[in-house]
Amino acid sequence: KNLDIHDQTTTSIFYLNSNNGGTQFKDDKFVQSKKNRLVTFPTNTYHAGVWSTDAKLRYVLNMTYETK
């Protein structure tokens, strides 16, 4: 079976500092940037970064990797 590459990958976001920014998902779920928090989801999940207003910078590590 020939699978789409997005069906075989996972995305993880590791938050390196705490602030009021985060990641907004299409289903209205919001994950706030909290130091040492990791959120993992299928790569084809619609999401967007949300800028912080209480910190000068928002540091994250984004990783996409094969799972199958």
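In these legends, two strands are said to pair if DSSP finds at least two bridges between them, while strands (E, at least two residues) and helices (H or I, at least four residues) are DSSP runs numbered from the N terminus. The model is predicted, so that local features need pLDDT of at least 70 and side-chain atom pairs count only at pLDDT 80 or more, whereas totals for chains, interfaces and linings use all residues. Residues are numbered from 1 along each chain as its sequence is written, and side-chain values use heavy atoms, with hydrogens and water left out.

**View 1. The protein chain is made of 6 strands and 0 helices.** Read from the N terminus, the elements follow the order β-β-β-β-β-β. The C-alpha trace spans about 50 × 20 × 15 Å along its principal axes. Of the 68 residues in the protein chain, 28% are buried, where buried means under 20% relative accessible area, exposed means over 50%, and partly exposed lies in between (1.4 Å probe, protein chains only).

**View 2. Strands E4, E1 and E6 form an open antiparallel sheet in the order E4-E1-E6.** E4 and strand E6 (60–66) stand at the edges with a single partner strand each, so one side of each has no neighbour in the sheet. From one strand to the next, the twist averages 20 degrees, taken between lines fitted to C-alpha atoms (for helices over the stretch in contact), with angles running from 0 to 180 degrees between N-to-C directions. E1 and E4 are joined in the antiparallel sense over 5 bridges; within this pairing Thr 11 stands opposite Phe 41 in E4, and Phe 14 has Leu 38 of E4 as its bridge partner. On the side of E6, E1 is joined by 7 bridges, again running antiparallel, and here Ile 13 faces Asn 62 in E6. E1 is mostly covered, with 6 of its 7 residues buried.

**View 3. Strands E3, E2 and E5 form an open antiparallel sheet in the order E3-E2-E5.** The edge strands are strand E3 (30–32) and E5, and each of them pairs on one side only. Neighbouring strands of this sheet are turned by 20 degrees against each other on average, direction ignored. E2 and E5 pair in the antiparallel sense over 4 bridges, and one of the residue pairs to look for is Phe 25 with its bridge partner His 47 in E5.

**View 4. The largest nonpolar core holds 6 residues.** Its members are Ile 13, Tyr 15, Phe 25, Val 31, Val 39 and Phe 41. E1 and strand E4 (38–42) are the elements that give two or more residues to this core. Such a core is a set of buried Ala, Val, Leu, Ile, Met, Phe, Trp, Tyr and Cys residues joined through side-chain atoms within 4.5 Å. In soluble globular proteins, nonpolar side chains tend to be buried together.

**View 5. Leu 16, Leu 57, Tyr 59 and Leu 61 form a nonpolar patch on the surface.** Together these four side chains' residues have about 380 Å² of accessible area, a value from the Shrake-Rupley method with a 1.4 Å probe, in which only the protein chains shown count as cover for residues. Patches are made of residues with over 30% relative accessible area and no salt bridge, nonpolar side chains (Val, Leu, Ile, Met, Phe, Trp, Tyr) being joined within 5 Å and like charges within 9 Å; a salt bridge is a side-chain nitrogen of Lys or Arg within 4 Å of a carboxyl oxygen of Asp or Glu. Leu 16 lies in the loop between strand E1 (9–15) and strand E2 (22–25), and counts as partly exposed because its relative accessibility is 41%.

**View 6. Ser 52 and Ala 55 are placed in the loop between E5 and E6.** Although Ser 52 and Gly 22 are 30 residues apart in sequence, their C-alpha atoms are 7.4 Å apart in space. Ala 55 is partly exposed, with a relative accessible area of 25%. Ala 55 and Asn 17 are 38 residues apart in sequence, with 9.3 Å between their C-alpha atoms.

**View 7. Asp 28 and Asn 36 have positive phi values although neither is a glycine.** Asp 28, with phi of about 75 degrees, is placed in the loop between E2 and E3 and is exposed, its relative accessible area being 67%. Asn 36, with phi near 75 degrees, is placed in the loop between E3 and E4 and is exposed at a relative accessible area of 55%.
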